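Please keep the sequence and the structure in view while reading.

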Amino acid sequence: MTKDSFTNSILLIEDEENIRSFIFTALKNQSYKVTASASGAEGLHLAASLCPDIILLDLGLPDMDGMEVIKKLRSWTAIPIIVISARTNEHEKARALDQGADDYITKPFGTVELLARIRTSLRHSRQMQDMSSIHQKPYHYKNLTINFENHVVTLNNEIIHLTQIEYKLLTLLARNSGKVLTYTFIMEKIWGPYTDNNNQILRVNMANIRRKIEKNPATPEYVFTEIGIGYRMAEGD
Ligand code: CA
């Protein structure tokens, strides 16, 4: 069966009827192909048989913990997972992301926010598939440009001087722009898997980057703090 390239398919795993039908309708209206399930076990089964382009997953399911669903999915697939959760606990969100979820959205949320997150995740997974194309197009948003090819960062067409760590940090965020990256993920990517859990070094470097690229570091335009979770860089054009 060939997949219609214009129609993205979405698997929705959510046990609350109201939320399920709200999301189902919102996605149908956008011409997504949606399949919904109210349980973790059935959701896993459908994920394997349908291979959807994206999975929306509620963490609080009746038959199994959503965290377990993420773990099981990640054992065989990289399909983007967006966690939909009533839990406002930052630890839970960070854990879901570290477990392999791509993003999260907290209930209650509006259709506009949901659709934006879905588009971002779909774009990321397409980019991942295109990774083989050697040339990565520069990150550009407002007055900031990052050229990955020649390692040049410019703000208002002027070169910004970054340390090696600052550059690695900024490009990691830019390559994942629009997506929240957890402290743990960033620490491991930049300082390696054996670094301690102290985020101080990350915060210091981030403060330095902000001083260099943000007009007002207290109200950033490019790199946002997700309190208790990590950082999210503004999605590039
Ligand atoms: Ca639930």
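## The parallel sheet

Leu57 stands opposite Val83 in strand 4. The model is predicted. Strand 3 and strand 4 (residues 81-85) run parallel and are joined by four bridges. Helix 2 (residues 40-50) packs on the sheet and touches strand 1, strand 2 and strand 3. The direction of helix 2 makes about 150° with that of strand 2.

The sheet is open and has five strands, in the order 2-1-3-4-5, with parallel pairing. Strand 2 (33-37) and strand 5 (103-106) stand at the edges. Each has a single partner strand, so one side of each is left without a neighbour in the sheet. On average, neighbouring strands of this sheet are turned by 20° against each other, direction ignored. Helix 1 lies across strand 1, strand 2, strand 3 and strand 4. Helix 1 runs at about 170° to strand 2.

## The calcium site

Which residues coordinate the calcium ion? Asp15 and Asp58 each contribute OD, and Gly60 contributes O. The distances are 2.2 to 2.4 Å. Along the chain, the donors follow the spacing D-x42-D-x1-G. Asp15 lies in the loop between strand 1 (9-13) and helix 1 (17-29), while Asp58 lies in strand 3 (residues 54-58), so the pair ties together parts that are 43 residues apart in sequence.

Are the two aspartates buried or exposed? Asp58 is buried, at 3% relative accessible area. Asp15 is partly exposed, at 27% relative accessibility. The cut-off for buried is under 20% and that for exposed is over 50%, so Asp15 falls in between.

## Helix 3 against helix 4

Helix 3 (residues 66-74) packs with helix 4 (residues 90-99) at an angle of about 15°. Their axes are 9 Å apart. Helix 3 is therefore roughly parallel to helix 4. The crossing of the two helices is right-handed.

Which residues meet here? Helix 3 brings Met67, Ile70, Lys71 and Arg74. Helix 4 brings Glu92, Arg95, Ala96 and Gln99.

Asn147 is found in strand 7 (residues 144-147). Its relative accessible area is 21%, so Asn147 counts as partly exposed. The cut-off for buried is under 20%, which means that Asn147 does not qualify as buried.

What does Asn147 touch, leaving aside its neighbours within four places in sequence? Asn147 is in contact with Pro138, Val152 and Tyr167. Lys137 is ten residues from Asn147 in sequence. In space, the C-alpha atoms of Asn147 and Lys137 are 7.5 Å apart.

Another open sheet has three strands in the order 10-12-11, with antiparallel pairing. Strand 10 and strand 11 stand at the edges, each with a single partner strand, so one side of each is left without a neighbour in the sheet. The twist from one strand to the next averages 30°.

Strand 10 (residues 180-182) and strand 12 (residues 230-233) run antiparallel and are joined by three bridges. Val180 has Arg232 as its bridge partner in strand 12. Strand 11 (residues 223-226) also runs antiparallel to strand 12, with four bridges between them. There, Val223 stands opposite Met233 in strand 12. The hairpin of strand 11 and strand 12 has three residues between the strands. In this hairpin, Gly228 takes a positive phi near 80°.

## Helix 7 and helix 8

How do the two helices meet? Their axes come within 10 Å and cross at roughly 85°. Helix 7 and helix 8 are therefore roughly perpendicular to each other. On the helix 7 side, Tyr183, Ile186, Met187 and Trp191 make the meeting. On the helix 8 side, the residues are Ile201, Leu202, Arg203 and Asn205.

How values were computed: Residues numbered from 1 in each chain as written. Predicted model: local features only at pLDDT ≥ 70, side-chain atom pairs only at ≥ 80, totals over all residues. Heavy atoms only, no water. Donors = N, O, S within 2.8 Å, 3.2 Å for Na, K, Ca; no water. Buried < 20%, exposed > 50% of the residue type's maximum accessible area, 1.4 Å probe, protein only. Pairing = 2+ DSSP bridges. Axes fitted to C-alpha atoms, helices over the stretch in contact; angles between N-to-C directions. Parallel < 35°, antiparallel > 145°, perpendicular 65-115°, else oblique. Left-handed = near helix turned anticlockwise from the far one by under 90°. Contact = heavy atoms within 4.5 Å.
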